[in-house]
Amino acid sequence: MYTYKYPHPAVTTDCVVFGFDGVKLNVLLIERGGEPYKGCWALPGGFLNIDEDAPTGARRELEEETGLQVNNIEQLAAFTTVDRDPRERVISVAYFTLTRISQVTAADDAARAQWFSLDNVPELAFDHKEILELACNRLSQLLKLKSGNFTDSDFTYEELDMIYYAALTRSRR
């Protein structure tokens with residue numbers, strides 16, 4: 001196999017899945033089943049396959065780790081800090097979506113999958129706290145502007161108002 005003179009970074013995707021339960025805004029997290037950060041909570045995600053684009057990889061990883069299938073996701077940002085992953089140089093393309101709470105089941109390399117209220121998010125692995133904070137900020141901005149294709153469910157205006165204030169409150173912490 002051909003090797004390059006200059007090393008290449010690996011590429012991952014991370015998913016911030018906001019779930020609304022009718023009262024509170026939640027985020028879907030997985031407990032990591034392997035190192036690094038075994039036993040810690042993290043956003044669903046993982047390494048991109050060589051034959052897929054980033055949105056496809058994000059949806060695949062989300063379904064593999066939690067059983068959740070989503071159609072509409074919006075790209076949040078690329079996270080490129082040099083030491084964000086202790087295994088190797090990793091660049092992550094993060095996505096987010098908004099859906100209604102549904103049953104999730106851990107699989108693949110996730111030990112558990114669970115919804116957490118934005119008021120009660122545990123400490124997160126890697127730089128996932130930074131990703132979550134940016135996603136909360138972006139969600140509140142898009143809801144304020146009523147733009148974007150980031151929801152995977154239909155919501156009433158009253159529900160979107162509740163979601164907006166929950167995301168806005170979290171992003172101001």
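**Close-up views of a predicted model**

View 1. The structure shown here is a predicted model. Asp108 is placed in the loop that runs between strand 6 and strand 7 (110–117).

**View 2. Phe126, a buried loop residue.** The loop between strand 7 and helix 2 contains Phe126. Here phi is near 50 degrees, again a positive value in a residue that is not glycine. Is Phe126 buried or exposed? With a relative accessible area of 18%, Phe126 is buried, because that class takes in values under 20%.

View 3. Pro36 itself belongs to the loop between strand 2 and strand 3 (41–42).

**View 4. The largest pocket and its lining.** The largest pocket holds about 260 Å³ of space. The lining of the largest pocket is made up of 22 residues. Which residues lie nearest the centre of the largest pocket? They are Arg32, Gly45, Gly46, Arg87 and Asp109. Two or more lining residues are given by each of strand 1 (10–20), strand 2 (25–32), strand 4 (45–47) and helix 1 (54–66). Strand 4 provides the largest share, with 3 residues. Sorted by class, the lining comprises 10 charged, 6 polar and 6 nonpolar residues.

**View 5. Helix 3 and its buried side.** Helix 3 consists of 15 residues, numbered 157–171. From its first C-alpha to its last, helix 3 reaches 21 Å, close to the 21 Å expected at 1.5 Å a residue. The buried residues of helix 3 are Glu159, Ile163, Tyr164, Ala167, Leu168, Arg170 and Ser171. Why are these residues on the same side of helix 3? They lie on the same side because they cover an arc of only 165 degrees around the axis. An α-helix has 3.6 residues a turn, so residues three or four places apart point the same way. The buried residues of helix 3 pack against strand 1, strand 2, strand 6 (90–100) and helix 2 (128–145).

**View 6. Ser140 and its contacts.** Ser140 is a residue of helix 2. Its relative accessible area is 4%, so Ser140 is buried. Which residues does Ser140 touch, not counting residues up to four places away in sequence? Ser140 touches Tyr164, Ala167, Leu168 and Ser171.

View 7. Glu88 is located in the loop between strand 5 (74–79) and strand 6. A relative accessibility of 39% makes Glu88 partly exposed. Leaving aside residues up to four places away in sequence, Glu88 touches Ala10 and Phe47. Along the chain, Glu88 and Ala10 are 78 residues apart, and their C-alpha atoms are separated by 7.5 Å.

Technical notes. Residues are numbered from 1 along each chain as its sequence is written. This is a predicted model: local features need pLDDT of at least 70, side-chain atom pairs count only at pLDDT 80 or more; totals for chains, interfaces and linings use all residues. Side-chain values use heavy atoms; hydrogens and water are left out. On a 1 Å grid over the protein atoms alone, a cavity is a set of points where a 1.4 Å probe fits but cannot get out, and a pocket is an open set with protein on both sides within 12 Å along at least five of seven lines; lining residues have an atom within 4 Å of a point. Grid points are joined across faces, edges and corners, and a volume is the space filled by probe spheres set on the points. Helices (H or I, at least four residues) and strands (E, at least two) are DSSP runs, numbered from the N terminus. Ala, Val, Leu, Ile, Met, Phe, Trp, Tyr, Cys and Pro count as nonpolar, Asp, Glu, Lys and Arg as charged, and the others, Gly among them, as polar. The expected span of a helix is 1.5 Å times one less than its number of residues. Buried means under 20% relative accessible area, exposed over 50%, partly exposed in between (1.4 Å probe, protein chains only). The arc is that of the directions from the helix axis to the C-beta atoms. Contact means heavy atoms within 4.5 Å.
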